[in-house]
Structures are given as structure tokens and as C-alpha cells.
Amino acid sequence: MSTRAKELIALGAITLFALSFYLNKVWGRGTFEFPTWLSAVVIALIGLSLLWILVLTLKGRLIERRVVFVYVGFAVALPLFMSFSQKITISPEVYQLHDALMELPAGSKVLISFDYDPPSAPELQPMAESIIRVCFEKDLKVIVMGLWPQGPQQANLALEKVFQDSAIVAKNLQYGKDYVNLGFQAGNEFVIQRMGSSFESMFPSDYEGTPYKEIPLVRNVRNFSNVDFSVNLSAGFPGTVEWVQIAVDRYGLPMGAGNTAVQAPVMYAYLNAGQLEGLLGGMSGAAEFEAVAEYQAKGTKFMLSQSFAHVVVIAFVIIGNVAFFRSGRKSKLRGN
Amino acid sequence: MEHFALWLSAFLTLGILSFLYKDNPWYKLSEAVFVGISAGFWFVTLFWDNLVGKFWDGWQDEPMLWVGAALGFLMLLRLVPRIGWISRWPLAFIVGATSGLWLMNYLASNIMVQVQATIQPLFSTSYASGPDAGWGAIVGSLVIVVGTFTGLVYFYFSKEHKGAFGATARVGIFFIMITFGASFGYTVMSRMSLLIGRIDFLLGDWLGLIN
Amino acid sequence: MRQEIPLLITAIVGIGFVIQYFIPHWPFSRMSDWFSDWFSIVGACAIILGALNLLKMSIEKTYRRKEDWGYAAVIIGTFLLMTVIGIAEGRGFRNPGTSFDWLYNYVYIPLSATMFAILAFFVASASYRAFRARNFEATLLLIAAFFVMIGRVPVGHTLSSFMPVGWQLSDLASWVMTYPQTAGQRAIMIGIGLGIVSTSLRIILGLERAHIGGGK
């Protein structure tokens, strides 16, 4: 059978499987969860297969990269069916951000800048939902804006999620009085620079077109001096670095940050220098904040997959290095 | 409509993932859709939020916005080959503004504040207090001072890395390797997080297999 | 004059922002506000220029029936679809329930998120094939990476729960991030900062002319 025919058959089989699972979902079948014994069997199988890959690699046969892809896929997908409880250790910088929000008196204005797009949502969206939830629980006023064009829409998604909680709905929060979405403006760090003198000049209206002066929450907010705290959720440029350089260092705005794991290491220098009041780094930071806010959501749910994925990557690195050292020793012996 | 939306999202998601097998027309189609939709998204957002929301809503209070609009128009003339050279003027404005702002921001925040944060009392918790720092804090402060100083010595390439200078630079590279290792670890965490989000969509929102 | 006027613009604007940092009062504050507002509009036009350029190139590719012109036609179609819908929706184009929001949630989000998600596979494959502890520095890098990767996830606590508090993997990962990693980051940050300051100064003084098509 030709490769093309095999590919088409595989595609057809996948489509049929997907259709059957989807129809089962539509007809109200519940979700599927591994019992503990099955989870243990799956973990043992993955471990044994990794050992087999080690043996193959020692024999000089580097496995094809698609096999590595399959392992990564399983490492991420299979834990989503498991239900191990796991302790989430909370870092000091996460406590710092939570405490900073807790110390704000009711009615304080918190500026949350959504500087990320959908690819970074798995890491930053749980942070956004938790932080907004904490703000609403503490009766803090939330001003949302974005330096990335997708930011305001991600903010809307986070607000929608938070408003599914009956405790938050019971507070009867009003748009324009308790929270507002100012939208996005192009200009990167120059937006922050301009906001330092006048919010209204940079955001003449909110994201729906309501004039700034007609929004009760912000009509008396002239610039950063009228904001009590800020949280920046950032996936790159423009983001936390620009906010620290301008809003924190020039205008004295107290600020905490949530970053993707790629750029979180850089922020530790700002944290150590006192330029940041708290830092959430990546999905683990999101899970830690959920733990300290006593609210379990996607950040916590995904940590098991994260654990498995890390173990698999480390296993592959070790396997590759074991083979490297062994081949190095063999060539030395041959040389002697 | 929800069924169609979920299947469309799944089709596009799997199209991109099919690249892992090999480059194929399904991936190329998904990629082309992504490019077109992204460009359209940016165009619409900038049109409403910036050109209308900032310029058109704001020019009556701030007539000088017309200068910005004129510069923006000159930028768009790059599309016309014969007079495209005029787009150098708004480009020069952008480069000049960025250079001026970055010069001071990086000097203040990334150099001076960072140096100040490194030069802190080793045995005290503040300048006002006596030697009251615990062993953990003392060791931590020493690590930061030594690591920052030796790291900077490593980046000084105007002098040959020999003798005491070379040994200092070698300590610096150790700290930088730890930094890169931590960055690598966090990068793996970040990439895996993105994949977890997509797999959650496929198995949860689309197929309903997980909660 | 084609080079001199842009150089003059760069210098005036750059020096303006530097002066404004030290004298944040009128007239320099006003000048800074104007420049920031103009930057916002020009920046938007620069991105719109990119989108229009993409459209122009795709139209040309389709018209001349070059290789893979069909995909260029898809680019044109989807761009026009998103643009026309977005402009027609008016100011509330982002509101939940609009067609623009539907396209954002069910087309844009899956595509953009998956584009970056496949990097997870490549990082694992690259680590297996290329990440070798060839010398002491590389070994140090690997060890730091292992500490951070294991310590930042719950499995790190599970593996080291028998250790006293303060010495578990999560605590060690936290210590690595807070002290030696910060020190290295700070050194890199200061080095990059010095580079940016000197390059910015060269650009403002007209010694760097790459942005206007000239040499040094």
C-alpha cells in the first residue's frame, strides 16, 4: 500500500474516532477519568518505554524525532485523565503579590494591563482570572487596558469567566462604576509615557466608544498618581520591562507582574531591586496564586501535565547525554 | 452554529499540528488562514482603537494630532514606489523617539537602579540597622554581589581574559550558565504550558473526554 | 536633503525626550506629550502598512499565478473577510456575540495558540538530540535547568518531601532563581543596557544611519 493511501486511511480513522467521541459528548456521556490503578499502569508503561529508548540509544540508534513528539503528546494528554492531588508550594514572590493586593483598602483603583495574546493565554489567562477575582472579592475597582491589541479581548474573556461565579454576581458589579475596559492603543512604551501625564489623552474613550469623561470610575483618574496599584500581565514587548522603566521608576506606581515563563527569569532582577511588588512566573505561578487565593482553576488542573512533561524532557536529555558519554568513552578506548 | 465553530477550531488546530508529521496542504491552508485573519485583526483593531478612537475622537481637543496623522500618511506612501522615500521621515521620527526614550529608561532602570540594588549592606537588613542579617541573607547578598560583578567582568572584552582577570571572568561565566539553565528550564515550562492549553481544548472542549 | 532631514528629525526628537527626562515641565512636557501621541498614530500606520503590503504581495502572487498562489488567494480572502466584518460591526466590533468576536474566538485563537504550541515538541526533540554536557559550563547549565524544571512543578515536592523544609527541591529552585540566576540576569541586563545607551546616543547624534538607508 502506498504511503499516501496509509496517510488517508489514518486520517479517515482519526476523523471517525473524533466523530464518535463528539457524538457521545453531544448525547450526554460524562467525562472519562483514569482510576488510580490505571494511572499507575500508564506511568509504569511510560517509564518502561523510556528505559527501552535508553537501551536503543546506547546501542547507537537515536530514535526518530516523531517518536519524541509522540512521547511529549502522551506526557501532556494522559495526565489530563488522571486525578492525583498534588501539593503546590507557594513561592515568596507569589505571596508578595497576593499580600500587596490584600493590603489595599476597599475602593482602591487597580490598573491591570493585558499585554498578551492567545498563544500565551494558557499561562496568563488563569492569572488574570484569579487576580480579577481577588480584586472583586476585596471590593477593589479594576481599570483594564492593553498594549497588545488582543489584550482587551482577553480581558473580556477573563471578566466573563469571573462573572460565572455566583459570589461575584451577588456583588452586582456595574461596568463603568466598578470596572472598565479602556481598550488598546498602539505606541508601545509611548502609551505608558503619555499615561504618565494624562490617561484621557491616550484613551479618549473606552473600548466601546464611551467618552472617558462619562465613565464614573475613571473620570477623576488623571494619571498614575490616581491609581493605587497596578498588575501587568505580559508575554513580551511591550510589557513588564517598559512598565517598570516608566510607570514604576519615573512615576512611582506600585506594580506587580505576571509573566510567561519565557521572560519571568529576567524579572527577578527587577523583583530583587524592589521595582516589582510580586511576580507570577508561568503556569506554575498561576497555580501558586490560585492556591494562595484558595481558588482552584485551570492553572492548578494543568500542573500534573506540566510535571509529566518536564520529567519526559529531562529523561530525554539524560538519555541523550548517557549515549554521548558512552560513545565518548568508546572512542577514547579505541584511541588507546 | 456551536458545533460548526468547534469543528472549525479543531480542524484548524489539527491542521497546524499536522506539521509535526510533515509539511502538507492541510498545514499550508491553516497557515494561510492564520496569516490573513491576523492581518485583518490587526488592521481592524488599529483602525477603530487608534485611528478613530484616538485620532478622530481626540483631534478637536488636541489639534496637534493632525501632525501625527500627516506623519502616518507619509508612512503609508511607502506603498507607492516612486515617492516611497518620503516614508523615511516618519521612520526617522520613530527611531529618534525610541532612541531618546530608551537612552534614559535603560540608563535609569536597567543600569543605575540595578547597580544600586547590588550595592546593599551585606550584614544588615537596611542602612539604618546594625548587623542583623541572618546567614541565609548574608550568603544571598554575597552571591548577588559576586555574581553580578564577575558576570560584568566576563562581558568586558577589551582586555584579554588572563590571570586574575581571566579567573574572575570564569567565575562570571558560571553564574551566566546558571542563568541560561534557569531560562532554559522556564522556556520548556512555557512551551509545555502552551501545548497543554491546546490539548485541553481538543480533549475537553471539542471531544468532551475530560472535564 | 533626503538624508539630512531624517537625521535632523531623529536628533530633535531624541534630544527632546532626553531633555524631558530631566526637565519634565512646560514646554518639554508638552513636546513629549505631542511626540508620544504622534508615535501612537505613526506606529499604528506602520502596522497597517505591513498589512497592506501583505495584501499587495498576495494580490501580485495570485495575479501572476506564482507557485502556491492558491494559498495567497486564501490570505486575501480571509484578510478581506476579517476587515470587512470588523469595520462593518462599528465601534462594538469586539463585543461578545459579534461576527468579529466569533472569528477571533474560533479561528484566530486556535490558529495562533497552536502555532506556538508546536514549539513544545521541537524543544523536547532538540533537547534530546543536541543538549550535551560537553564541558563544565554546559553541565552547570543542565543542572540549573533540572533544578528549576523539577523544583517549579509539584513532582519536585513529591520527590523531596522527605527533606526538611527549606531544603526541598522547590526551595532550592526558588533559591537558584532568587540569587545566582538574578545575579547573572543583572549582569546581562546591565551589559545590554550599556549597549542600548551607546547605540541610542549614536543614532541621535547621526553616527548610525541604517534606518534612513545610509551607512555609518
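Reader: Hi! Which residue stands opposite A:K109 in β2(A)?

Author: Hello! In this predicted model, A:K109 has A:K141 of β2(A) opposite.

Reader: And how many bridges join β1(A) to β2(A)?

Author: Five bridges join them, and the two strands run parallel. β1 covers residues 109-115 of chain A, and β2 covers residues 141-146 of chain A.

Reader: What do β1(A), helix α5 and β2(A) make together?

Author: A right-handed β-α-β unit, with α5 spanning residues 121-137 of chain A.

Reader: Nice. What about the pairing of β1(A) with β4?

Author: β1(A) is joined to β4 (residues 229-234) of chain A by six bridges, and that pair runs parallel. Within it, A:L111 stands opposite A:S230.

Reader: How many of the residues in β1(A) are buried?

Author: Six of its seven residues, so the strand is mostly covered.

Reader: Zooming out a bit, what order do the strands of the sheet have?

Author: The order is β3-β2-β1-β4-β5-β6 in chain A, in an open sheet of six strands with parallel pairing. At the edges are β3 (179-184) and β6 (279-281) of chain A, each pairing on one side only. From one strand to the next, the twist averages 15°.

Reader: How many bridges join β2(A) to β3(A)?

Author: Four, and those strands run parallel. In that pair A:I143 stands opposite A:V180 of β3(A).

Reader: Which strands does helix α4 of chain A touch?

Author: α4 (residues 92-102) of chain A packs on the sheet and touches β4, β5 (255-259) and β6 of chain A. Its direction makes about 135° with that of β6(A). Another helix that packs on the sheet is α6(A), which touches β1, β2 and β3 of chain A. The direction of α6(A) makes about 155° with that of β3(A).

Reader: I was looking at A:G151. Where is it found?

Author: A:G151 is in α6 of chain A, a helix of residues 151-162.

Reader: Is A:G151 buried or exposed?

Author: A:G151 is buried, because 27 other C-beta atoms lie within 10 Å and the cut-off for buried is 20 or more.

Reader: What is A:G151 in contact with, leaving aside its neighbours within four places in sequence?

Author: The contacts are A:F114, A:D115, A:Y116, A:G146 and A:F184. Take A:F114: it is 37 residues from A:G151 in sequence, yet their C-alpha atoms are 4.6 Å apart in space.

Reader: And chain A as a whole, what does its secondary structure come to?

Author: Chain A has 14 helices and six strands. Of its 336 residues, 51% are buried. The C-alpha atoms fill a box of roughly 75 × 65 × 40 Å along the principal axes. Among the contacts in chain A between residues at least 6 apart in sequence, 75% join residues at least 24 apart.

Reader: Changing topic: at what angle do α12(A) and α6(B) pack?

Author: About 75°, with their axes 7 Å apart. That makes α12(A) roughly perpendicular to α6(B). The helices are residues 282-292 of chain A and residues 163-206 of chain B.

Reader: Which residues meet there?

Author: From α12(A), A:G282, A:M283 and A:S284 meet B:Y186, B:M189, B:S190 and B:S193 of α6(B). The residues of that contact divide into three nonpolar, four polar and no charged.

Reader: Within chain B, how do the axes of α3 and α4 cross?

Author: The axes of α3 (residues 65-76) and α4 (residues 88-118) of chain B come within 7 Å and cross at roughly 120°. The two helices are therefore oblique to each other. B:L71, B:G72, B:L74 and B:M75 in α3(B) meet B:W89, B:P90 and B:F93 in α4(B).

Reader: Last one: how many residues does the contact take from chain C and chain A?

Author: It takes 49 residues from chain C and 50 residues from chain A. On the side of chain C that touches chain A, α2(C) gives the most, with nine residues. The residues of that side divide into 25 nonpolar, 16 polar and eight charged.

Note on methods
Residues numbered from 1 in each chain as written. Chains lettered and ligands numbered in written order. Predicted model: local features only at pLDDT ≥ 70, side-chain atom pairs only at ≥ 80, totals over all residues. Buried ≥ 20, exposed ≤ 12 C-beta atoms within 10 Å, placed from the backbone. Contact = placed C-beta atoms within 7 Å. Pairing = 2+ DSSP bridges. Right-handed = clockwise from strand over helix to strand, strands pointing away. Axes fitted to C-alpha atoms, helices over the stretch in contact; angles between N-to-C directions. Parallel < 35°, antiparallel > 145°, perpendicular 65-115°, else oblique. Nonpolar A, V, L, I, M, F, W, Y, C, P; charged D, E, K, R; others polar.
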